[in-house]
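Thanks for coming. I will go through one structure today and keep to what can be read from the coordinates.

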Amino acid sequence: MTDIDTRTLDREMKKGSAELVILACLEARALHGYEISKRIEQRSAGRMKFHIASLYPLLYRLEERGWLKGRWVEKAGQRRRRYYELTAQGHRVLARQRETWKTFVEAMSMITGADHG
Amino acid sequence: MAEWTNELRERLARLSLAPERAAEIEEELSQHLDERHAELLAEGHDAAEARRIALAELDAPLALAPQLAPLRQARQPEPAPSGAAVRRGWAGLAHDLRHAARVLRAQPLFTLVAVLTLALGIGANAAIFAVVDASLLRPLPLPEPDRVLAIAERTASETHANVSPLNLRDWRQRSRTFAHLGATQDGVGGMVMTGADGEAEMVSRQWVTAGIFEALGLRAIVGRTFSEDDDRAGRNAVVLNESFWRARYGADPAIVGTEVRLDGEMFTIVGVVPSSAEIIGRSNLWGLAPLQSMGERMRGVYFLRAYGLLAPGASIDAATAELAAIADTLAAEHPATNAGRGVAIDPLQTRVVGEDLRRTALLFLAVVGFVLLICCANVASLMLARAGARSRELALRAALGASRARIVRQLLVESALLAAAGGAAGLLVGAGILALAPWLVPDGLLPPTVAPTLDVRVVGFCALATVLVGLAFGLLPAWQATAGSPARIIASETRGSTAGGGRLREWVVIGEVATAVALLVGAGLLLRTLLAVEGVDRGYRASGVLTLLVDPISDRYPTPADLLRFYDAVEGEVSALPGVERVAWATTRPLGGSSFGSAFVSVDGLPVTEGDRRRTADYQIVSNGYFSAVDLPLVAGRAFDARDGSDSAPVAIVNEAFVQHHFADAGADPQARLAAALGRRVAVRLSARPDAEVVQRLIVGVARQVKARPDEREDFVQVYVPLAQNPVDDIFLFVRTPSGDAGALADGVRRAIGRIDTERLVGIRDVLTLDGVVAEATARHRFRAVLVAAFAGVALLLAMVGVFGALACSVQQRARDSGVRLALGAAPRDVFRVVLRDAGRMLALGIALGVAGAAVFGQWLSGVLYGVQPLDPPTLLGALSLLLAAAGAALALPAWRASRVDPVVVLRGE
C-alpha cells in the first residue's frame, strides 16, 4: 500500500474528504495547526500528510464557514498559539459527513469487491 | 529560531488581507515552520537543509497564496483598503478635532474673542436674514398666494387710488377672470365689545365686504364667511380672527351663531377665519360692510382696497385687460365719476412688501454682510498671527513627514471648530435680536403677516454662513502657514514665515479699515437724513393735537346739509369736553398723506398752456377753525369764517408753493407775489375731463407751507377749500388740548361722537396724535439711521481690534529689531515712529479704499437720503475723524510697548 498521493489528496480535499479528516481530528479536543498536521500523520500511520500550504488555507476556510473556531491561547512562558475547536455546527457537519463517507466507502467496497469485512 | 517573516510576507503580499489578519497568519505559520524546522533537524538534516525543506512545503504541492486567495478574509481587495483608509481618515479627523479642541482650550482668550466676533457677525446676519426671508423670499401665507391680486383704481394723479364700492360691485358682476373679488376699508379701528358675560373690552375691527376672504383664497375654519345674502339683507355680521377666537373664546366652535354687542349694537358671529387673513389688516374681527344697499352717490366715494382671486386658468394680464375694459365701460356709463379712472393690478406680494421694505431689507443685508466680512477678517487676522507664531511648530511637523494637506487639514479643522462655535453662539445672538425686534422695528415697516422668526431656514442660513466663514478665515492662514519651506522657517530665528504672513495681515486690516470707513460714511449719511427729516420746519405745531378719521358711511346723512349738521354737532359736542381748546375738520393730516387727492387748478386771467391743463394741487377741505387748531399761520389774507357758507361765493386759500408756482411773474419780492395772489380767482376741477365741473374760487388767503411728507424734495402745492362749500364724508377731526396728553382725549371724543351718532353709523378710525403722525412718518428714517449706525459702530470697533491686533503682533515680532535699535542708541521715540509708520501706511490705504467704497455706497443709498448729498464732505470728515480717533486708541498700546522693549532681554534670545 502506498502513501496516498498528495495530488490525489488535494483533489480529495476539494471533494470534502480532507474536511472530514480535519473535523475528525478536532472532535475530541482543540489543537493548534502543527498538532493537527501531526495527528493526521500519526492516525494515518504516516500515509497521509498535510503540508503547511494546504493545511492552513483549509483551516481558515472551515473557520469562515463557521465549522471551526480559532482562538489565541496564551500560556505562561510560551508564545501564544492559535487553537482550533469544533463549533456546534462543526459537530453536526462532522456527524453527517462521517455517515456519508461510511456509506460511500461501503458502496465502493461492494462495487470493487474488496474483502473488507 | 529561524526567521520566516520575510518569506511569509512575500507569499502573502499579493493577497488583500487586512493588516491585522496578515500579521496573525504570519505569526501562526511562523510557529508551524519553527516546529517543522525543529522536526527536520531532529530527523538529522542540517539547518540549511531543514530550512529549504520547510520552505519548499510552503509552495508544494500547491502554493500557499493561491489556496488562500478564494477565502473571504483574503478577498477584501476593494473594500478592505479603502474602508481602512476611510476609517483611518475618520480616526485622523477625530484626532484633528481633539487636537484642535485642545489647542483652542489652551488659548481661552483667543478662542473667546474669535467665537464672540463670529457670533456677532453671524447673529446679526441671521436676524436680518430672518426679516429678508419673511418679507422678500417667502410666499405669502395664503393657500394660493400666486393667484391673489391687489386691485386699485388709477387716476391721472395717483397710480394706486382707493376703489369706489359701486365700481367694485360692478367689477364683481362683470368680471370673468376673477373667481372672487372683495375689499376692505383701509385702516383697522377699535370697537367696544360687550360679551354675554357683560364684560366690555376694546377689540380691533376692520370693515370688509362679502367675498373678501374668498378673494384671499381663505376658507372659514368654523362656521362660514360673509355671503352675498348677508350683504343684501344688510346683516350685522362679524367673522373672528382665529388667534382672537382661540385667545378670547378658547377655540369654542359653539361661539358661531351667537351674538356679541359691538359699540352697543348686536352682531352675529358667523364664522372664524385663519389668522393669515391679517394680511389685509391686523384685526381681532372683521365686520361686514354691505355694498348692495349703497346709493349711487357712493360711486364717487373712494375708500376701499380691493383684492381678487384669479379664476382657474386666468392670467394676471388677462385680468388686467378685462378690468381695464370694464373700467372703460363704467367711465362711459358714469362719466361724472368714472371718467379717467382706470385700474392698477399687482400681485398681492408686491403690494404687501412694498418698495420701502424691499430697499430697507436689502440695505440691512448689505450692511450686516459687511460686518460679517469684517468679523471674518478679524478672526482670519488672529489666526494668521497664531499661524505665524506657530509656524515653527508646523514646519517641524512638515519636516517630520506630515504632508502639506495634513497640516492644512489640521488648521482647517481648527477654523471649522471655531466657526461652528461662532455659528452656534450666533444663532443665540440672532434669536436675541429677533426677540427684541418688535420693540425696535417701527410699526408699519413690516406688513402684518411678516413675522421674522428663528426657524429652520434661518438655522440653515446660519449653518451655511458658518461653513463659508470657516473656509473664508481658515484657508488663508492655512495656506500661509504651509507656504514656506520648513528648513527656512525652522532656521529663521525670529521672523519665521511672518514676513509673508505680516503682509497678508496688513491687507486684511486694510480691507477692514476700508469697510469700516464705507459703513461709517453710510451711517453718517443716514443720520444726517434723519436730522434733516426731524428738523424740517413742518409749518405747523404738532404737539397737543389728537386726530381721528370720522367716516359717516351711510345714507343716514344723504345731503351735504345733513353732513354739515352732523359735523357741526360733533364739533360742538367735542368742544364742550373738558381740556379741549379747539376743534376742526380736515381731509388731510399733515405728514399723514392726503385722503382726498389732487385737483386740477388754473389761475384765472393767466394764459392757459397745455402744461397748465395738467397743473395740480393737493386739494384739502378744511373747516373754519383748522388753521388755528394746528397753529398754521396765514402769511396773507384771512382764514375761512362764517362768511364762507355753502351759499356764499366759493373761496379758497392757497399755500406758499402755490404762489411760487402761479404768481412768479409778479416779481421777485415775496410780498408782491402774495399781494398778486390775493383776490385772484382760481379754477378748480376735480377731474381731468374737459367737461368736468369747474369751480371758480376767490383766493382769500395764503397759508404757510406745510410738509406733506417728511422727506419731500419739492414743496407741494396746496389749495384749501372750506368744508361748508364742499362737504365730504371721510374726514379727520382735529382736537387741540392746551396742555397734557392729547391721546388721553380719545375716549372722551369717541363718546362725544357717539352721543351725536346715536345709531352708530359712523366709523371712527386712525386715532393718532399729530406727534404720533410725525413720529410714524419719520420712524423709518430713524430706524434705518439707528440700525446702520449701530452696525457701523460695531464695524469700527472690530476694525480697530484688527488694527490693534496687527500692530501688537508686528511689534512683538519686531521686538528683536527694536531691541537692536535701542541697544545701538536709538531713542524709544524712533522705535515708536517705526510702529506709527506701519500703522499710518495701513490706515492711509484703508481710508483711500474706504472713501472710494463710500462713494459707491452713498450712490446706492441715494434713494433713501434726504437733505444730504451722497458725497457729503462733512459726513466724510466726521467719519474719518471718528476712525482716526479710534485708530489712535488702538495703536497707542502697541506703540508704547515697542518703545519699552528692554534690549537686554530681547537680545538674550527671548
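This is a predicted model: local features need pLDDT of at least 70, side-chain atom pairs count only at pLDDT 80 or more; totals for chains, interfaces and linings use all residues.

I picked Ala45(A) for its backbone. Its phi is positive, about 55°, although the residue is not a glycine. Most residues other than glycine have a negative phi. As for where it sits, Ala45(A) is in the loop that runs between α3 (33-43) and α4 (52-65) of chain A.

Ala251(B) is not a glycine either, and its phi is near 55°, a positive value. Ala251(B) belongs to the loop between α10 (242-249) and β7 (259-262) of chain B. With a relative accessible area of 22%, Ala251(B) counts as partly exposed, because the cut-off for buried is under 20%.

Now chain B as a whole. Chain B has 910 residues, and 51% of them are buried. Its secondary structure comes to 29 helices and 22 strands. If you take contacts in chain B between residues at least 6 apart in sequence, 81% of those contacts join residues at least 24 apart.

Next, the interior. In soluble globular proteins, nonpolar side chains tend to be buried together. Here the largest nonpolar core has 61 residues, and those with the most contacts inside it include Leu363(B), Val513(B) and Met800(B). Which elements supply it with two or more residues? They are α6 (108-137), α13 (348-389), α18 (498-535), α25 (770-813), α27 (828-861) and α28 (873-899), all of chain B. The most comes from α25(B), which gives 15 residues. There is also a second, separate core, with 50 residues, among them Val550(B), Ile621(B), Ile699(B) and Val728(B).

Not counting residues up to four places away in sequence, Leu363(B) touches Leu526(B), Arg784(B), Val788(B), Phe857(B), Trp860(B) and Leu861(B).

How much relative accessible area does Glu512(B) have? It has 1%, so Glu512(B) is buried. Leaving aside neighbours within four places in sequence, its contacts are Ile374(B), Ala377(B), Asn378(B), Leu798(B), Ala799(B) and Gly802(B).

For contrast in position, Ala420(B) is in helix α15 (residues 404-440) of chain B. Ala420(B) counts as partly exposed, because its relative accessibility is 42%.

On to the aromatics. Over all chains, the structure holds 15 aromatic pairs. One of these is Phe244(B) with Tyr249(B): edge-to-face, 6.1 Å centre to centre, with 90° between the planes. Both partners are buried, Phe244(B) at 8% relative accessibility and Tyr249(B) at 16%. Why is the pair of Phe566(B) and Tyr567(B) called tilted? Their planes are at 50°, so the pair is tilted, and the ring centres are 5.8 Å apart. Phe566(B) is buried at 3% relative accessible area, and Tyr567(B) is buried at 1%. Elsewhere, Tyr626(B), Phe627(B), Phe640(B), Tyr720(B) and Phe734(B) form one aromatic cluster.

Two arginines sit over tryptophan rings. In chain A, Arg65(A) lies over the face of Trp67(A), 4.9 Å from the ring centre. In chain B, the charged end of Arg51(B) is over the ring of Trp4(B), at 4.7 Å from its centre.

Last, the interface. The size of an interface is often given as the accessible area lost when the parts come together. Between chain A and chain B the buried area is about 2,500 Å², and carbon and sulfur atoms give 51% of it. Chain A puts 26 residues into the contact and chain B puts in 27 residues. How many salt bridges are there between chain A and chain B? The count is four. In one salt bridge, Glu27(B) is joined to Arg80(A), and the closest N and O atoms are 2.7 Å apart.

That is what I have for today.

Terms used:
Residues are numbered from 1 along each chain as its sequence is written. Chains are lettered from A and ligands numbered from 1 in the order in which they are written. Side-chain values use heavy atoms; hydrogens and water are left out. A nonpolar core is a set of buried Ala, Val, Leu, Ile, Met, Phe, Trp, Tyr and Cys residues joined through side-chain atoms within 4.5 Å. Buried means under 20% relative accessible area, exposed over 50%, partly exposed in between (1.4 Å probe, protein chains only). Helices (H or I, at least four residues) and strands (E, at least two) are DSSP runs, numbered from the N terminus. Contact means heavy atoms within 4.5 Å. Rings of Phe, Tyr and Trp (its six-membered ring) pair if their centres lie within 6.5 Å; planes under 30 degrees apart count as stacked, over 60 as edge-to-face and the rest as tilted. A charge sits over a ring if NZ of Lys or CZ of Arg is within 6 Å of the ring centre and within 35 degrees of the ring normal. Buried area is the accessible area (1.4 Å probe) that two parts lose on being put together, summed over both. A salt bridge is a side-chain nitrogen of Lys or Arg within 4 Å of a carboxyl oxygen of Asp or Glu.
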